Amino acid sequence: MMKNGWIYALHLLFLVSLLGTAVGCAIAENRQIQPPPRLPSGQPLRMIAATDMHYLAQSLNDGGSAFQSFVENGDGKQLLYSDQLMQALEYQVSMRKADIVLFSGDITNNGEQQSHADLQKRLRDIEATGARVYVVPGNHDILNPWARRFKEDSQYKTDYITPEEFRLTYGDYGYDEAISVDKSSLSYLAAPSDDVWLLMLDSARYRRNEEINYPQLDGEFSASTLKWIERCGKLAADSGAKLIAVMHHNLLVHSEMLSEGFTLNNSAESVEVFRKAGIQIVLSGHSHQQSIVADQKNGQPPVYDISEGALSAFPHLFGVLDYTPADHTFNYDAVALDVEGWAKQAGVKDPQLLEFTSYSETNILRMAKAKYYKRLSASPVMESYSQEELTMLAEFIGRMNRVAMAGGDPSELDRLKSSKGYQLWSQAPDGAPFKSYIMRATASREGAPSNRKLTVVQP
């Protein structure tokens, strides 16, 4: 009998090992044996949302000419100060006593393995303030052939991570706490509060990155993911919870210039699924533009897509979303990261960090002027313009973009429209590069809703 018992045990062990591949995903998703308790119903909830940190590990950058060239030819991301920006965010999370911190993708510069490893430490520090962190990937974070380290005058390929490694890397930051996971993506449902649940959605398309040798820009949800979203909506409704969606790509069109590749490929279908799932608030990123738009349908609650500005680029915005249970109200406000406040508190001596707002704004305007001047001076339509006039035209685009990406303050746009640069643009030929975009972007916003504030009352 004892011999037969041992044989049975060995057979059982063998069968378990064979089943390992089938249940491995479930084991990985439940490494955390005891998930943190939910915040009780009736308790106010403060969430901080950030996107597009593009965190680059300090060990991958020596500040040499290759790195400087990479930054100068970019879109204004402050990659030199990736670590300091995350520390400043941690400072804000602590000062504002946030309950939850949400990251909606492009959390690393180009998906470098080392950047993911170092970012984990910063997320751990944020959770040490008492907040819970939830993460989803963007199009830059996984299977990215552009992952690079910089040394002196050269770039070198460096390791990137797979979807499976992403799930394991960020197990402590959402995945191990999931009450439901999507089998066809890195999407998951989390319930940090009895009142508010989080639908953390993976909208990126990275499976072909290695084949095409670049990170795919566009995003969409598969049919199976959309069905899973519907089920999550029913689960939340049955539990009496409000459901917020967090994803990288924009659900709705925010700009004609930033639509293709930035708005979901299957936007219209997804909006209807979101509405059916009871989702009214979506937090997205990707376009680096602070903008709030709504999909309105007669007799039905609107679906709001809050496209947040990039934490990595001026004006370095993040969102504060407060839920008040007494009147079922969500209040959103986009806030500029107070790097100077953190730097003073931390005893930092770097003058660029102590005057970071001015430094970052000057830097992005300088880069924009150079880029747009080059494009304008190469256009045959602009050949009659002097160097001084082309410079003013280029400077205007940079300043207008700065305002537009920050949420389009009407008073700032009005001041820009009184400038010599705007006068030149209004008189420029219709075929001039950027003219139609500039005329639309500077059109009167009088009476238009804010792109930085939103109040939503849910039943």
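Which residues of β2 point one way from the strand, and which the other way? In this predicted model, in which local features need a pLDDT of at least 70, side-chain atom pairs count only at pLDDT 80 or more, and totals for chains, interfaces and linings use all residues, Ile100, Leu102 and Ser104 point one way from β2, whereas Val101 and Phe103 point the other way. Residues are numbered from 1 along each chain as its sequence is written, and side-chain values use heavy atoms, with hydrogens and water left out. In a regular strand the side chains alternate between the two faces of the sheet.

Helices (H or I, at least four residues) and strands (E, at least two) are DSSP runs, numbered from the N terminus. Two strands pair if DSSP finds at least two bridges between them; strand β1 (residues 45-50) is joined to β2 by 4 bridges and runs parallel to it, with Val101 as the bridge partner of Ile48. Strand β3 (residues 132-136) also runs parallel to β2, to which 5 bridges join it, and here Leu102 stands opposite Tyr134. Between β2 and β3 the chain passes through helix α5 (residues 113-127) in a right-handed β-α-β crossover, a term which means that, with the strands pointing away from the viewer, the path from the first strand over the helix to the second runs clockwise.

An antiparallel pair is formed by β11 (residues 291-297) and β12 (residues 300-307), which 6 bridges join, and in which Ile292 stands opposite Ile306. The hairpin of these strands has 2 residues between them, and Gly299 takes a positive phi near 80° there.

In helix α10 (residues 339-346), the buried residues include Val339, Glu340, Gly341, Trp342 and Ala343. The buried residues of α10 pack against α4 (82-95), α11 (351-354) and α12 (356-377), and just after the helix Gly347 takes a positive phi of about 75°.

The mean pLDDT, the predictor's confidence in each residue from 0 to 100, is 91 for the chain, and 92% of its residues reach 70 or more. Over residues 1-33, however, the pLDDT is below 50, and this stretch has 14 contacts in the model beyond near neighbours in sequence, a contact being heavy atoms within 4.5 Å. Where pLDDT is low, the predicted coordinates should not be read in detail.

Notes:
Buried means under 20% relative accessible area, exposed over 50%, partly exposed in between (1.4 Å probe, protein chains only).
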